[in-house]
Amino acid sequence: MWPAFLDALLLQSGYNAALVAVGAALLGIAAGSGGTFLFLRKRALVSDAVAHATLPGVGLAFIVMVALGGDGRDLLGLLLGSAITAWIGLVLVEWMARRTRLAEDAAIGAVLSVFFGFGIVLLTVIQTMSAGRQAGLESFLLGATAGMLFQDAVVIAVGGALAVATVYLLRRPMTLVAFDPDYAAAYGFNVKRIDLVMMGLVMAVTVIGLKLVGLILVVAMLIIPPVTARFWTDRTDGVIWIAGILGGVSGYVGAALSASAPSIPTGPIIVLVCFGLFTFSILFAPGRGVLAAVIRHQRFQVRVHRRQGLLALAHGEPIFDPLTITVLRRSKLIRRDRVATEAGRAQAAKALRDEKRWEVARRVYHDEAISGRYDGLTPIETVLTPDEIAAIDREIGGPTTVGGAV
Amino acid sequence: MTAASLELAAEGGRTLHSAIDADSPLSIQGMTVSYGEKPAVFSVDAAFPRESMAAIIGPNGAGKSTLLKAVLGIIPTLSGKVSVFGEPVEKARRRIAYVPQRASVDWDFPTRVIDVVMMGLYRELGLLHFETRRHRDMACDCLERVGMANFAHRQIGQLSGGQQQRVFLARALAQDADLYLLDEPFAGVDATTEKAIIHVLKGLKEENRTVVCVHHDLATVTEYFDRVLLINVRKVADGPVDTTFTAENLQTTYGGRLATAQIDQLQLSLA
């Protein structure tokens, strides 16, 4: 499997596999960046309704094309049909959420199930038709890569490029609408129209992804990359870029994986690769990751206990908290009998002094940039300049020693 | 117009709406806004003169924020006309800066302080321009004016409530507008921030700009503002603070919700 995987990664596994890998990567980039604003606008699930609403369009397009005398398998025709019903589904969701008392989640549930059900009925009817080549239509559910043609890859490439260009062009209005729609409206942006463009983008990505990953899984490619990207950046532009890259990598690696062994489905593998990146990020991302949060909390707890212990020493109060004792013992600030060591006394005096300086600083400096930094833990030297500290020291008098025999 | 003359006018069946003042920074005529079948704002007329600093006052649910949003076209109106410097709002957008309520956005949004202020420059940036050093300097200037220059690169989620409000104000400053509309800028902010904000707003007024705030703290009205609009769904009164912000008008606006003792504490000069 390994060499086969490497071959696939280097596009050496044959024409079809290379086509699929490139197509999946392009689709991933478009879906990741296009899905970013869906996620930021907190409307991720609308994409689920849109995706399911493509199915009746596929069926209807097939029937129409057969009726016109074709074989009903023209990809562009099928995609056009799916886009039309997806748009109808989208408009219905919008309308229900805006004009009726139904909340958006209920509207999504209704549209999703009804359109999907209708689509399945159409596919069943099509199976019984005598005309046309109906085999393979159901591959739009979960995607199929076996028969991918160069023409299909071109559809993905062109559609994906248009989607990415739209994201780039409209990133400012879409950011503003996602962050602060009221301000955006007051600023003169047409919020409704920008929302529709954003959803149109999602629809476009869904439609071009139908062939490759299918309508059920394309939603994952829209949502998971931006959610994953959010763990690594605090900027909107960052989320767009990283989500695009993550989507592209998932598509490429997923396609290569599925090409490296027989009968591994492409779409599901791509989604699983996506999920793997997500899992890694939620656990190990610096800042927002679970592990980072645990470590940060523990470090903070130790700092609090150390500070409390030192202040207790400074005031000559007994320490009972076991964690405080452990923390102080470990840094050799107290002896086994809980009496302060030389270092402990020095540190305690310093902590007490810092506390007193802060007290004065918070009284004197009304600037929040300074007084807002007081958390009982931050040394004042990191906030004020030496001459400012000297001024405070003149107010509180010279250094004092504390604790034990002097 | 006093209450008595209003009644007379109503009896005469003539229009109650005063003609739009062509030059006024903001003039509202007969505005009605409704959620469902219940009007939140009913037939309100008001005009705010140049270089004034006005407060919109009224109890909770009186339609203060709704009025502001309807003026800006954020929510649809049932009737009424708004003109900004004699033009319809759509044509005067670049002269208006809006500061929404702090609680109206998600502060975990992936953006930094400087990026939020930069949003005030989007009109200038358009769709294609890159952010240049000049834009960043302009944004930093606005942050400096609200005392937040040191916070430019913080993620907005790390800010205190008062700091968030200052960032919103800085974004409005970046627009360099002539009319500033603020929705409860002092709600839930610390005393220092309140002072900083009022300092900036008074500065705007001195630069011949007009400031209109939805305001909830009756105790600071006479100190901060020179005009008030009292509403409780309908307009109660509108005019200079010394003649309009009276015990009688407050009683009408708040009904039984404001105890006489509270009004006494405001030490108003009774008109």
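Helices here are DSSP runs of H or I with at least four residues, strands are runs of E with at least two, and both are numbered from the N terminus.

Some ground rules. This is a predicted model, where local features need pLDDT of at least 70, side-chain atom pairs count only at pLDDT 80 or more, and totals for chains, interfaces and linings use all residues. Residues are numbered from 1 along each chain as its sequence is written, chains are lettered from A and ligands numbered from 1 in the order in which they are written, and side-chain values use heavy atoms, with hydrogens and water left out.

Back to A:Gly70. Buried or exposed, or partly exposed? Buried means under 20% relative accessible area, exposed means over 50%, and partly exposed is in between, with a 1.4 Å probe and protein chains only. A:Gly70 has 39% relative accessibility, so it counts as partly exposed.

Now A:Ala348, in helix α16 (residues 342–364) of chain A. A:Ala348 has a relative accessible area of 1%, so it is buried. Take A:Gly287, 61 residues away along the chain. The C-alpha atoms of A:Ala348 and A:Gly287 are separated by 31 Å.

How is chain A divided? Into domain 1 (11–284) and domain 2 (291–396). The bounds come from an automatic or database domain assignment. The C-alpha centres of the two domains lie 54 Å apart.

Over to chain B. It has 12 helices and 10 strands. Of its 271 residues, 53% count as buried. Contact means heavy atoms within 4.5 Å. Among chain B contacts with a separation of 6 or more, 67% join residues 24 or more positions apart.

One residue to look at is B:Asp178. It lies in the loop between α7 (161–174) and β7 (179–183) of chain B. At 27% relative accessibility, B:Asp178 is partly exposed. What does B:Asp178 touch, leaving out residues up to four places away in sequence? B:Phe85, B:Arg95, B:Arg209 and B:Thr210. B:Asn208 is 30 residues from B:Asp178 in sequence, and 7.9 Å from it, C-alpha to C-alpha.

Next, backbone angles. Most residues other than glycine have a negative phi. B:Ser43 has a positive one, near 45°. B:Ser43 lies in strand β2 (residues 38–48) of chain B, and is partly exposed at 27% relative accessibility. B:Glu51 also has a positive phi, about 50°, and is not a glycine. B:Glu51 is in the loop between β2 and β3 (53–57) of chain B. Its relative accessibility is 38%, partly exposed.

Last, the largest pocket. It holds about 1100 Å³ of space. What lines it? There are 29 lining residues, with A:Arg98, A:Lys192, B:Ile74, B:Ile75 and B:Pro76 nearest the centre. The lining divides into 11 nonpolar, 6 polar and 12 charged residues. Four elements each supply at least two lining residues: α5 (75–99), α10 (181–187) and α11 (191–230) of chain A, and β1 (26–35) of chain B. The largest share, 4 residues, comes from α5(A).

Key: On a 1 Å grid over the protein atoms alone, a cavity is a set of points where a 1.4 Å probe fits but cannot get out, and a pocket is an open set with protein on both sides within 12 Å along at least five of seven lines; lining residues have an atom within 4 Å of a point. Grid points are joined across faces, edges and corners, and a volume is the space filled by probe spheres set on the points. Ala, Val, Leu, Ile, Met, Phe, Trp, Tyr, Cys and Pro count as nonpolar, Asp, Glu, Lys and Arg as charged, and the others, Gly among them, as polar.
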